[in-house]
Amino acid sequence: MSDESLKQQIELLEQQILDLEMENHQLSQMVSASKLENHKLREIQKLAKVGTWSLNHLSYKLTLSEELQILLLGGDTKTKVLSWDVFLDLIISEHNNNIARSITEDVILGGQKKVFEHSIKTPDGQTRYIKHFCETFYNSIGQPLNSVGLMQDVTDEKSNAMQLELLSVTDDLTGLYNRRKMNEVLVSQHDIVQRYQSDCSAILLDLDSFKQFNDLFGHQTGDIVLTSVANMMSSHMRSADICGRWGGEEFLIVCQNTACEQAAVAAEKLRSVLAAIELSCAKQVTGSFGVAQIVKGEELVAFLQRLDKALYRSKNSGRNKVTVCN
């Protein structure tokens with residue numbers, strides 16, 4: 001072999017080695033970029049409180065993302081593969097025991113995209129609320145290949161929404177339901193009475209001479225009277241009774257599954273309790289009460305008119321009384 005041929009072969013080998021080094025460098029860069037993207041994805045999932053699962057229908061192997069492992073298994077992030085039955089046991093609670101059937105029938109067999117909202121119990125005993133997206137992918141002849149799911153922990157969002165909802169139906173001063181909520185309760189109970197053989201009565205309470213508390217002792221004392229009355233109502237009425245501030249110094253109590261006679265007994269008890277409230281101004285708190293029962297076939301407006309009339313009969317006959325409108 002001539003020197004020139006040997007030189008050409010050496011140059012060719014050097015070029016091949018250089019090409020391999022460049023290719024290896026590019027592959028290394030791609031691996032690094034992939035690791036970076038996976039890291040970013042994991043960080044995004046953590047921030048969004050999102051975890052994913054994938055069920056391979058050929059091997060029937062279920063794989064969980066790290067975030068979902070933490071949610072379902074606590075600190076155990078080594079177990080990346082679970083059986084399908086164990087996974088279903090982890091996401092099923094007494095409130096959503098139809099989830100397993102729906103995923104199997106609707107998502108895997110039926111080919112539907114489904115969104116579930118349900119709760120789970122974490123290993124430390126907490127209840128977490130989940131928004132759960134599921135979908136199945138099929139091959140060209142309609143056989144399922146993979147089912148995938150995305151589970152997002154929406155506990156904080158649900159809690160905030162519930163707090164906002166509670167604020168929207170709560171009277172700021174007394175902490176009782178406000179008039180908006182009490183109207184909803186009345187409409188609901190009126191509908192129940194019209195549909196079923198059910199009793200429901202209401203107690204309307206108006207504080208006697210309330211303006212004097214504000215005029216003689218200041219609005220702060222008036223507020224103390226209102227909050228004291230609200231506290232008495234909350235502690236002395238039954239758990240099934242729904243109490244709210246109807247407006248100003250008026251309060252409404254809806255007594256579910258209660259006939260008028262029983263509601264009148266409850267009103268008399270509350271009247272005595274209010275009279276026992278002790279204030280620093282030494283003025284006695286009293287209230288006038290109207291009691292009426294919702295009647296089948298009667299419009300809600302007519303019922304409220306009867307309740308108002310019963311209250312004003314108590315007012316006009318000397319106050320601090322309970323009047324029943326039969």
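Biologist: Is Arg271 buried or partly exposed, and at what relative accessibility?

Modeller: This is a predicted model, in which local features need pLDDT of at least 70 and side-chain atom pairs count only at pLDDT 80 or more, while totals for chains, interfaces and linings use all residues. Residues are numbered from 1 along each chain as its sequence is written, and side-chain values use heavy atoms, with hydrogens and water left out. Buried means under 20% relative accessible area, exposed means over 50%, and partly exposed lies in between (1.4 Å probe, protein chains only). Arg271 therefore counts as buried, its relative accessibility being 19%.

Biologist: Which residue forms a salt bridge with Arg271?

Modeller: A salt bridge is a side-chain nitrogen of Lys or Arg within 4 Å of a carboxyl oxygen of Asp or Glu, and for Arg271 the closest N and O atoms of the pair are 2.7 Å apart. Both residues lie in helix H9 (residues 260–275), 3 residues apart, which is about one turn of the helix; helices here are DSSP runs of H or I with at least four residues, strands are runs of E with at least two, and both are numbered from the N terminus. The partner is partly exposed, with a relative accessible area of 33%, and its name is Glu268.

Biologist: Where do Glu105 and Arg101 lie, given that they are about one helical turn apart?

Modeller: Glu105 and Arg101 form a salt bridge whose closest N and O atoms are 3.6 Å apart. Glu105 is partly exposed at 42% relative accessible area, and Arg101 is likewise partly exposed, at 44%. The two are separated by about one helical turn because they are 4 residues apart in helix H4 (residues 99–109).

Biologist: How many residues apart in sequence are the parts that Asp153 and Arg128 tie together?

Modeller: Asp153 forms a salt bridge with Arg128, with 3.0 Å between the closest N and O atoms. Asp153 belongs to strand S6 (residues 144–153) and Arg128 to strand S5 (residues 127–138), so the parts that this pair ties together are apart in sequence by 25 residues.

Biologist: How many of the residues of helix H2 are buried?

Modeller: Helix H2 spans residues 66–73 and is mostly covered. The buried residues of H2 are Glu67, Leu68, Gln69, Leu71, Leu72 and Leu73, and H2 is followed by Gly74, whose phi is positive, near 75°. Of the 8 residues in H2, the number buried is 6.
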